[in-house]
Amino acid sequence: MSAEGALLEVSGLKVYFPVEKGIIVRKRVGWVRAVDGVDFQVSRGESLGLVGESGCGKSTTAMAVARLEALTAGKVLFEGRDLAALNPTELRRARKDFQLVFQDPWSSLDPRMRVRDIIAEPMQIFARRGELDLDGAAIEARVASLMESCGLSKSFAERYPHEFSGGQRQRVGIARALALGPKLIIADEPVSALDVSIQSQILNLLKDLQRQFNLTFLFIAHDLAVVEYFCDRIAVMYLGRIVEIASSSQLNHMPLHPYTRALLSAVPLPDPAKERSRKRLILKGDVPSPSIERAGCPFRERCSEAMERCAHEAPRLSPPAPGGSGPAGPGHEVSCFLYQGN
Amino acid sequence: MKKFTIMFLALAMMTLIAGPGAFAAGAEKVLTIGVDQEAVGLDPNIVTAFSSMRRIDLLYNRLVRYDNTFAVVPDLAESWDVPDNLTYVFHLRKGVKFHNGRELTSDDVQYTLNRVLDTKTASPGRSYITVIKSIDIVDRYTVKLNLTSPLPSLLDGLSSNNLAIVPKEVIEANTNLQKTECGTGPFMLQEWIPDNSMTLVKNPDYFEKGAPAVDKVIFRVIPEQASLYAGVRSGDLDMATINDGATIRQAAKDSKVTVMSKPGLNMRIFSFNTSKKPFDDLRVRQAVASALDRAEILTIAEFGMGKPTGPLPVAATAWALPPAKLPFAVTDVAKGKKLLADAGYASGLSFKITCASTYEGGLAVAQVAQDELKKIGVDAQLEVVEWGVYIDKWSKRDFEAMIELRGGSGEPDRFLYRTFHSTGGVNNFMFKDADVDKLLDQGRTQTKQADRKVTYDSLQSLLTTKAPAVFLYCPNENHVLGPRVSGFRQVGNGSLFYLAYTQVK
Amino acid sequence: MESNVGRYIAKRLLSLIPVLFGVSLIVFFLVRLIPGSALQMYLGTQVEATAEQMVELKRIFGEDRPVLVLYVEWLGRLLQGDFGISLRTGREVLPDILSRLPLSLELTVMALLIALLFGIPQGILASLKRNPFVDVLNRVVGLLGLSLPQFWLAALMVLFFSGFRGWIPMGNYVGFFQDPLRNIQMLLLPSLAIGIGLAAVIMRYTRNSMLEVLEMDYIRTARAKGLRKRSVIFGHALKNAILPVITVAGFNTGYLLGGAIVIEEVFALPGMGRLALYAIYQRDYPVIQGIVLVIAAIFVLVNLATDLIYAMADPRIRLDDSGRKS
Amino acid sequence: MAITTNVEAILRVEGLVTGFRTGGGLVRAVEEVSFELHRGEILGIVGESGSGKSVTNLSILRLVQCPPGEVSAGRVLYGGKDLLSASEEEVRLVRGRNISMIFQDPLTSLNPVIKVGKQIAEAIRLHHGAKRREADARAVDMLRLIGIPDAERRASDYPHQFSGGMRQRVMIAMALSCDPEILIADEPTTALDVTIQAQILDLIRNLSAQSGTAVILVTHDLGVVAGMCDSVCVMYAGRIVERATVDDLFYDPLHPYTRGLLDSIPRTDSTGKERLYSIPGSPPNLVDLPEACPFQPRCPKAQEACARERPPEVTMAGRAPRTVRCWLHAGEDHHVS
Amino acid sequence: MIPRRLAKNGIALTGIVIVSLYIIVILVSFFWLPFDPVKIDADHLLEEPSLKTGHIFGTDEFGRDILSRIMKGSLVSLVISLSATTMGALIGVTMGIWAGYLGGRWDNWIMRIADIIFAFPSLLLAIFVMAILGEKTWNVVIAIGIVYIPQFARISRGAILSVKTNEFVRAARSNGASAIFILYRHLLPNILVPIIVQVSLALSVSILLESSLSFLGLGIQPPWPSWGNMLSSARKVMVLAPWTAIYPGFAIVFLVLGFNLLGDGLRDILDPRLKNVG
């Protein structure tokens, strides 16, 4: 598993939120296991997608990687340096190299700031501390070039966020993320809130930017189609864990985990004939609460192929055993006993 | 929600209908009097509050009391002899009963006086009788007091409510009489709802025949002067004690009510801290005295309800010289200016007048005085403080000038000695004058009325000249009476004793 | 569920302790910072006292020991339910306060009722009549109610109603249980004077809340079901719109209680506010301390009650230990 | 598949115009919208946010908040009556009984302080005059029918105690409780996860098939349309730009917008990773739209006429009512009737 | 943007007009008053309002012209309410935003302190402070300001709690911004709306509180007029001369009404949810 060229390597990541009780003295009475042992790596220039339904921990994973959420356990190696072990000053400096694009184009921009100031702010913060060698004029020039790269007209610089449509706001957010010249972009559902016609614009923009600036993406989404389009590899999450990870095409054509298969079959296809002919796997019930401690496979209650073993033993993410249900490509790993020897 | 609305409306309607006619008059004669302050406690030997005294007036008796002309007349003592100026012998009435039924005897007098003298009791009355060396019981109805030095104001002191005679056993049972009552007075305490009302009932065994004339007296506490007046008008109250000039002026024009008004013993003064600049200079004090216009102050601050006075309250006619016969009787701006200039304040002077917004604090007087002092080039600042702060400043002598309301007395020694003697207990002017001290001491030892009159006449002149304070006026004591009331008389020291003879139709 | 509520109440009550402790600490030292003392007030400007007497008096008035010692003593007795003895009247503090509490509470409750009975219907009406003129008129009238100084209103009431016997208490206040009708008649004007401002507040909150709720999706759902307008407004909208009104009403109940001070003075009502006022004037420390503690306790209890009522009205609030509600 | 021509239309919308008065001016949210719905049909109305699809449906039942909204023209013919000119009382009786609605966000669409059982029973009591007990029992039946486990107990729960999918089921139960002829489902699955969306869509499809309820399905997701609908209206800037059967629309889109929309969807069934097509620009501001084709600034095939004049709604030859609002097809008008 | 909308909002406009009128009165009072407001005039005690004497609002029990005193008093009332509100807002908002932003233990401690102040009956608290500090104008400001601290703390805390979940806060953190930077650059500007509305309410309440204090004899020092102490001294004579109480009362009512209208209008304008209505 030596990750030659891995920009980001996450291992054993856990994010638990305490459930507290008490008024005068607050006691912890349990945990919400939002992320419960996640490992993955992202190579330079690669896009890794994290998919899953709401509450599966994909966003929390992203936030923990960006150190915006406290880690309960695990390592986040960024260029070999463990972000989890940095002190606040080091962390602040390191932030230059990984930036975020957020889901909600409405709440991710401060409504009281002009577009120009929003994009310039990261540079100003770093420049003020002497960690970025740009003066006011240089910052202004860079803001202009960033706006251009992101397809924003120069005349927008003096406007406020509320004067824009969702797509344009998302472009502003992207320009802000690029301001410091990051190596990694963590994009948390960047197109979920957008209409289809705008969504494709933004996806194309991100692709262009990736090429232009040699960016690495950790791309979070709930829409499998979007992730498959955008990412090289995809990790599917369920209840705080990765249940399957594979290259996009492999996951699309050869999904192994029952959950992945159900997910894929639930995605409506814009093709009436295919829709009519396809066989649907409809999952029973809802996602269970992540605050309940559970032994065994987290998916077993909803799984149509659950075995007795699933109830008391948790499967580990590993390449499928040869001679399983079919050929699996390199790097394809799944966390299911169907594909594991004993 | 809907149910609530209906219930509420129903209640409101019922109230409207039942309203004014809801209370029926009983057969008994009840007199309702409105006062602006609640009594603090009822132990006559301990309380200092004016409001408590007004209840004690009716509940207890003293050895002697004032009548409505400030003459000392018998109360529990039928008569007294003064064989020499160090001995007083009192002959008690027979058959006087405490409200618990026990007869009052000379033991009770001895017990009471000793209680007052005991420093543990911390009685405010102690200073009136500190000269008493011993109290001898001659017989069941005769008591003899032996003094260490002569004190002409002793009888006057004994007329104070603080020296009302109390029964030993009740005190021992209750540690004090603050919440309970057992006197010999015309009325007995029936019910006391603090800050609301106090009901007194007739004492059937009262020693004076025919008194009291009503079955019940109800005190109601109404802090607003205007409400008190309105209460008498509407018939809610039979009478009310009101000290606010504006309200009285309004009531005086009102045919529905009767206003009784006469100058009381209280005295409004403009006092100086003679230990501090600029008032350590006699000329400055005199300048202020020349500038103040008593008539204008009375007109504006009291709506004319009062009388200008000298160092002794004008109502104490036996002693007091009319202010017109005293120095600085006439406002003289030119003289004031000259005096100031002599004192080195030709270009003007500035000082603070401390006052409080309550009636006793004299805010209205201070405002008029401030205005008048401008005429002699004095720029006086008002320091209007809350009453507690006022008292604090008073007792710490932390002021330059102050507007005060002093409780005067019908007897010159009792008031003047403690107020202006250099050792006087309430001499907060820090006033030290050998001549004044000499005259005050002399007044104490003289026994003949005529001699004393001469002494106090010159003292009045001297005090007015030396001006530890400017003596302004005595505010009237006012009572507003409704049509049902007759037979009430004002004493002049605020006492409601004559309620014992008051009738209602 | 029930035990949950019980536990919640118990915990909330426990959490009052630090607040009340803080209040006790502040009030105890605050009142002693005020210039003047009970002893000075007792002596006034007329009384002479000798040195020996002063020693005795200082002992009686508790001026002979350090303040810190006094605090610890007071707190110790307080924990046993002993609020001490009034320096002014020598009476026990707690019974004196408790005897005036019913009046103040009744006044508060009546004012609250008046506020709710005027405020809520008016607020609903205002939210439905979207005619701009009526709307503006409604709001101006409401704001006018908010702008009337209580004491001014009270003084004017005394001025106008003093001719009518029985409407203004004249020191002849009767308790509710002695004569409910007389009692309510007497308290009507005072509580009106207190409640009118809150009525305006409630009206505004009801209106705003209704306007907000009427835009909600579930109102559209209710209309889409074919419900009558009345059912939509009372069955669906009001049930939700009332929630913030509960908070505001509860929030202001404590304010009403404290605000009754001036009104009690003007109307000569023997309530707690008046006791407090005199106690402050007379530097009657134990009484001030007692009253502030009692009012603070009531205040926090009212807040607790508000939260409970809110929780009953809003099933989304769970009375568990989720801590403070913001 | 339901072929719609020879089945009677139960709902006919003609020339509907709805506007909103705002500080900035009049927003023409719905402009000359016409379509018809047939018995048993599932009609999709698809469009991006702000295209007027939801307002269209609210206008049908006169649920547009007025002010600021106002239905200013058109007819909505149902059961021989024009709902737009009928009295409020008449429309009220149609709501919930004949035409029901479910909405996008089941959390905000259910009254948070009323038990779900009661919320369902309310409509039943209202429209069937059922007694409280009967209505309650029927509400429980409905909950059971739409697949809520332990329905008896859950009926006395509040909406917040349900998960998103369950809440939408409750909404559906409520909407279907009076056996309506028409169900208007306004983005019923937008707030839900895909697996839950699949459950809900399945439920709607089955219920519609069983009871013959016609459904208007409002959505922005062409995939959902493909899987659910018989025919589709595509809306853009308040207008229906294209109306067709589902197959026609997907396999032979006529309007450039429809085509662009179809091309910009990333698809899991695609093979290569060719660059997505994207429609340039963003949707127009609906205030003071010029007299032109609103799609013209973004249209790759825009002609001179497009900027000058509003295109007419052209009825195309072929199966079913097929219309398109585009100058490209202006010459191909076929009036059927 | 906002000024234009203010002008279009009738409610706010009325408020502005009323408050401006008072400001004009204050400006005029610097240069001209009908009579000397503190000059005692024994010849005209408690005169009825009359055009003939020139005392159009009448005179008080010292013969002073009531109109002049109201005019003179308006400066005091406005200055006090502005300063007290500013003080309460500054301290309260600082407490509230830090409590809301830091959360946890800090939140608990800060808000407990606010709770304690809040649990005090406000008038009693103001009376205490006045009695301790003494009757000076600035002490009235402090006494009233303290009362506001918990209100502002609560409101700003609540607002911060809701704003801080916005993603732009996370964005700022991801750019390495410090807590103070985020708080004052991003959060504070976004919670100004509820604070401004509360300020307008507090402005009006402080006038009432100042009056209450003066009414109890703890406010502005006579002979200088404040509306409160005018009412306070009118209390004794209002049976005789109702105008002594009525005009200062109306002066209060209208200014408070002005502030309330302004606040109400501001709320309309600033609240985005109501933007499309009316």
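This is a predicted model: local features need pLDDT of at least 70, side-chain atom pairs count only at pLDDT 80 or more; totals for chains, interfaces and linings use all residues.
Residues are numbered from 1 along each chain as its sequence is written, chains are lettered from A and ligands numbered from 1 in the order in which they are written, and side-chain values use heavy atoms, with hydrogens and water left out.

Back to the glutamine: the backbone oxygen of Ser174(E) lies 3.3 Å from a polar atom of the Gln99(A) side chain. Gln99(A) sits in strand S6 of chain A, residues 98-101, where helices (H or I, at least four residues) and strands (E, at least two) are DSSP runs numbered from the N terminus. Is Gln99(A) buried or exposed? Its relative accessible area is 1%, so Gln99(A) is buried, given that buried means under 20%, exposed over 50% and partly exposed in between, with a 1.4 Å probe and protein chains only. Taking contact as heavy atoms within 4.5 Å, and leaving aside neighbours within four places in sequence, Gln99(A) touches residues of chain A including Leu180(A) and Ile185(A), together with Ser174(E) and Asn175(E).

Chain E, which supplies those partners, has eleven helices and zero strands. Its C-alpha atoms fill a box of roughly 75 × 45 × 30 Å along the principal axes, and 63% of its 278 residues count as buried. Of the chain E contacts with a separation of 6 or more, 70% are between residues 24 or more positions apart.

Turning to chain B, we find an open sheet of four strands in the order S4-S5-S7-S6, with antiparallel pairing; strands are taken to pair if DSSP finds at least two bridges between them. Strand S4 (77-84) and strand S6 (132-139) of chain B stand at the edges with a single partner strand each, so one side of each has no neighbour in the sheet, and the twist averages 20 degrees from one strand to the next. Six bridges join S6(B) to strand S7 (residues 142-147) of chain B in the antiparallel sense, and Ile137(B) has Val143(B) as its bridge partner in S7(B).

Chain B as a whole averages a pLDDT of 88, with 95% of the residues scoring at least 70, where pLDDT is the predictor's confidence in each residue, from 0 to 100. Over residues 13-25 of chain B, however, the pLDDT is below 50, and beyond near neighbours in sequence this stretch has 14 contacts in the model.

Chain B is divided into domain 1 (60-174), domain 2 (179-261 + 480-504) and domain 3 (267-476), with bounds that come from an automatic or database domain assignment. The centres of domains 2 and 3 of chain B, taken over C-alpha atoms, are 33 Å apart, and six residues of domain 2 are in contact with five residues of domain 3.

Finally, among the eight pairs of chains that touch, chains B and C have the most contacts. Chain A and chain B do not touch, their nearest C-alpha atoms being 34 Å apart, and no contact joins chain B and chain D, whose closest C-alpha atoms lie 17 Å apart.

Conventions:
A polar contact is a pair of N or O atoms within 3.5 Å; within protein, one must be able to donate a hydrogen and the other to accept it, and residues adjacent in sequence count only if both atoms are side-chain atoms. Axes are lines fitted to C-alpha atoms, for helices over the stretch in contact, and angles run from 0 to 180 degrees between N-to-C directions.
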